[in-house]
Amino acid sequence: MSAPTTACGVRRPGWTDGPAIGRHRLPCVLPAGHGPRHRDALGETWQEPVVTVHTCDHGPVTLPEPAWCTGRHEDGLHLVDLSHDGPETLLTVGTERGDVELMRLFLTRSPHSGRPEDRRTSLVVEIGSECHRFREESALRMLAAELVVRAGRVRDLAAELTAVQDAESAL
């Protein structure tokens, strides 16, 4: 008796759009690692979007395009440098000199990277000139919790500033 195969499970592009229940949400039932065409339990087939990028070392390369990717790919890179990047989320703060960017975040995946961990989708958090990749939800939740704590400290300092200014005004 052979071991059961794992189903692919990929859902068609845009499956999160539309009603909460419907055939558009059915996952692929074919075995994991199958060819480019997917099939759901009703027999409907689809193929994930693809993109062709011109690399300097492998020529034109066609690969699946994740639904979250912005579709902007730079031609002329080495294959290992090719990445899928999602839309950016900017965390900015208004100052007396205008808005200042504190943090930039976006999903990314480098499917042909020489670093296996970069072949998995991760979230890049760019702070200043430093980029940090987060691969686990728990680490991102810790980052969010730390930001909440720091925001509380800013509120405390705002209250302290007001108290000091009020004391100065009373002199």
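Trainee: What share of the accessible surface of the chain belongs to carbon and sulfur atoms?
Mentor: Accessible areas come from the Shrake-Rupley method with a 1.4 Å probe, and for residues only the protein chains shown count as cover. The accessible surface of this chain comes to about 12,000 Å². The part of that surface that belongs to carbon and sulfur atoms is 56%.

Trainee: What confidence does the chain average?
Mentor: This is a predicted model, in which local features need pLDDT of at least 70 and side-chain atom pairs count only at pLDDT 80 or more, whereas totals for chains, interfaces and linings use all residues. Residues are numbered from 1 along each chain as its sequence is written, and side-chain values use heavy atoms, with hydrogens and water left out. On pLDDT, the predictor's confidence in each residue from 0 to 100, 97% of the residues score at least 70. The chain averages a pLDDT of 90.

Trainee: Which element has the highest mean pLDDT?
Mentor: Helices (H or I, at least four residues) and strands (E, at least two) are DSSP runs numbered from the N terminus, and the chain holds 1 helix and 9 strands. The lowest mean pLDDT among these elements, 87, falls on strand 2 (residues 45–47). The highest, 96, belongs to strand 8.

Trainee: What radius of gyration does the chain have?
Mentor: The C-alpha atoms fill a box of roughly 85 × 45 × 35 Å along the principal axes. The radius of gyration is taken over C-alpha atoms, and the globule rule is 2.2 Å times the number of residues to the power 0.38. A compact globule of 171 residues would be near 16 Å, but the chain has 23 Å.

Trainee: Which residue of strand 9 is the bridge partner of I127?
Mentor: Two strands pair if DSSP finds at least two bridges between them, and 5 bridges join strand 8 (residues 122–127) to strand 9 (residues 130–134) in an antiparallel arrangement. These strands form a hairpin with 2 residues between them, where G128 in the turn has a positive phi of about 65°. The bridge partner of I127 is E130.

Trainee: Which residues make up the covered face of strand 3?
Mentor: Strand 3 (residues 50–55) is joined to strand 4 (residues 59–64) by a hairpin through 3 residues. The two strands pair in the antiparallel sense over 6 bridges, and L63 is the bridge partner of V51. The uncovered face of strand 3 holds V50, T52 and H54, while the covered face consists of V51, V53 and T55.

Trainee: Is D40 buried or exposed?
Mentor: D40 lies in the loop between strand 1 (37–39) and strand 2. Contact means heavy atoms within 4.5 Å, and, leaving aside neighbours within four places in sequence, D40 is in contact with R12, R23, L26, P27, V29 and W46. Buried means under 20% relative accessible area, exposed over 50% and partly exposed in between (1.4 Å probe, protein chains only). Because its relative accessible area is 1%, D40 is buried.

Trainee: Which side chain makes a polar contact with the side chain of D40?
Mentor: A polar contact is a pair of N or O atoms within 3.5 Å; within protein, one must be able to donate a hydrogen and the other to accept it, and residues adjacent in sequence count only if both atoms are side-chain atoms. The side chain of D40 reaches the backbone nitrogen of L42 at 2.9 Å. The side chain that it contacts, at 3.2 Å, is that of R12.
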